[in-house]
Amino acid sequence: MRGKPHPWGFKVWVRAGISGMMLDFDVYQGSNNGVRVKSGPEPVQEIQRWDKATKTYIDVERPYIVGTYNKFMGGVDLLDSFTAKYKYALKSRRWYMYIFWHTITLAVVNAWLLYRRHCQALRMPKKEILNMRKFQAQLASSLILVDTTLKTTKRGRPSSGNGSPVAAGSPLNAGKRPSLGDGSPNGPSSKKSCAHPPLDVRTDLTGHFPLKTKRGRCRNCSKGYTNTQCSKCDVRLCFSEDKNCFWDYHCK
């Protein structure tokens, strides 16, 4: 497209709010010589502007629509900045795939903005509100794991020596850096503990099986030590006659 910073690609007409939330969009398909709506100068409002000749403020008339535009402008630019933060590394020869993934990205951004609006309405502390990166990661984990069971692992020796082969194949464990220790009171502990799985995954009551692993701290009570681990959530939980954190973690 001639005269644009990026002449090659697709252009999408977007109507967005001041917060960056997309309200409507339309893919540009070439020039349209149809009916165009023109707005006249009425109604007008008086504003003050600096006059260089007299070096004083003078009253001038401005169309009311110009003031409204200046007040609520910037929503599309804010939306573009959100979509450019965490783009998918996608390469395809099919041109429509780029439009499809762009709509998915816009939907994720809208969902995050709605989530943040609801958190602010509930007066949640800012520390508890997820940023866009964590929200996108939890959304992906929920879509992958909710109401699903883990696949059976292949026969043979596991790739890593620590942990059971089923727990090592959990999608929540994919891409994690190996811990410095097993989390036991006598052994070296890791510098940063793993995050909890999304609440939708924890409470779906599907595919949560107890497995035996190395002794470590319970993720529910944070006081006891146990060698029982959830195969899907990939966290250690107390599972004994005196304390059943395995049930509390998945049902409360």
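The questions and answers below go through the terms applied to this predicted model and the values behind them.

Because the model is predicted, local features need pLDDT of at least 70 and side-chain atom pairs count only at pLDDT 80 or more, while totals for chains, interfaces and linings use all residues. Residues are numbered from 1 along each chain as its sequence is written, and side-chain values use heavy atoms, with hydrogens and water left out.

Q: What pattern does the chain follow, and how many helices and strands does the chain have?
A: The chain has seven helices and six strands, and along the sequence they follow the pattern β-β-β-β-α-α-α-α-α-α-β-β-α. Helices (H or I, at least four residues) and strands (E, at least two) are DSSP runs, numbered from the N terminus.

Q: What makes the pair of Asp204 and Lys232 a salt bridge?
A: The term requires a side-chain nitrogen of Lys or Arg within 4 Å of a carboxyl oxygen of Asp or Glu. In the pair of Asp204 and Lys232, the closest N and O atoms are 2.6 Å apart, and the pair therefore counts as a salt bridge. The pair links distant parts of the chain, with Asp204 in the loop between helix H6 (199-202) and strand E5 (210-217) and Lys232 in the loop between E6 and H7, 28 residues apart. A search of the whole structure finds one salt bridge. Asp204 has 11% relative accessibility and so counts as buried.

Q: What makes the approach of Lys232 to the side chain of Asp204 a polar contact?
A: A polar contact is a pair of N or O atoms within 3.5 Å; within protein, one must be able to donate a hydrogen and the other to accept it, and residues adjacent in sequence count only if both atoms are side-chain atoms. The side chains of Lys232 and Asp204 make such a contact at 2.6 Å. A polar atom of the Lys232 side chain also lies 3.0 Å from the backbone oxygen of Thr206.

Q: How do you know whether Ser231 is buried or exposed, and which backbone oxygen does the side chain of Ser231 reach?
A: Ser231 has 3% relative accessibility and therefore counts as buried. Ser231 lies in the loop between strand E6 (225-230) and helix H7 (245-251), and its side chain reaches the backbone oxygen of Gly207 at 3.4 Å.

Q: What makes a patch of Glu42, Glu46, Asp59 and Glu61?
A: Patches are made of residues with over 30% relative accessible area and no salt bridge, where like charges are joined within 9 Å and nonpolar side chains (Val, Leu, Ile, Met, Phe, Trp, Tyr) within 5 Å. Lys and Arg count as positive and Asp and Glu as negative, whereas His and the chain ends are not counted. Glu42, Glu46, Asp59 and Glu61 gather on the surface as a patch of negative charge. Glu42, in the loop between strand E2 (22-27) and strand E3 (44-51), has a relative accessible area of 63% and is therefore exposed.

Q: Which residues form the nonpolar patch on the surface, and why does Phe10 count as partly exposed?
A: Phe10, Trp95, Tyr96 and Tyr98 form the nonpolar patch, with about 470 Å² of accessible area together. Accessible areas come from the Shrake-Rupley method with a 1.4 Å probe, and for residues only the protein chains shown count as cover. Phe10 lies in the segment before strand E1 (12-16), and because its relative accessibility is 47%, Phe10 counts as partly exposed.

Q: Where is Leu205, and what is its phi?
A: Leu205 is in the loop between H6 and E5 and has a positive phi of about 55° although it is not a glycine. With a relative accessible area of 63%, Leu205 is exposed.

Note on methods. The place of a charge is taken as NZ of Lys, CZ of Arg, CG of Asp or CD of Glu. Buried means under 20% relative accessible area, exposed over 50%, partly exposed in between (1.4 Å probe, protein chains only).
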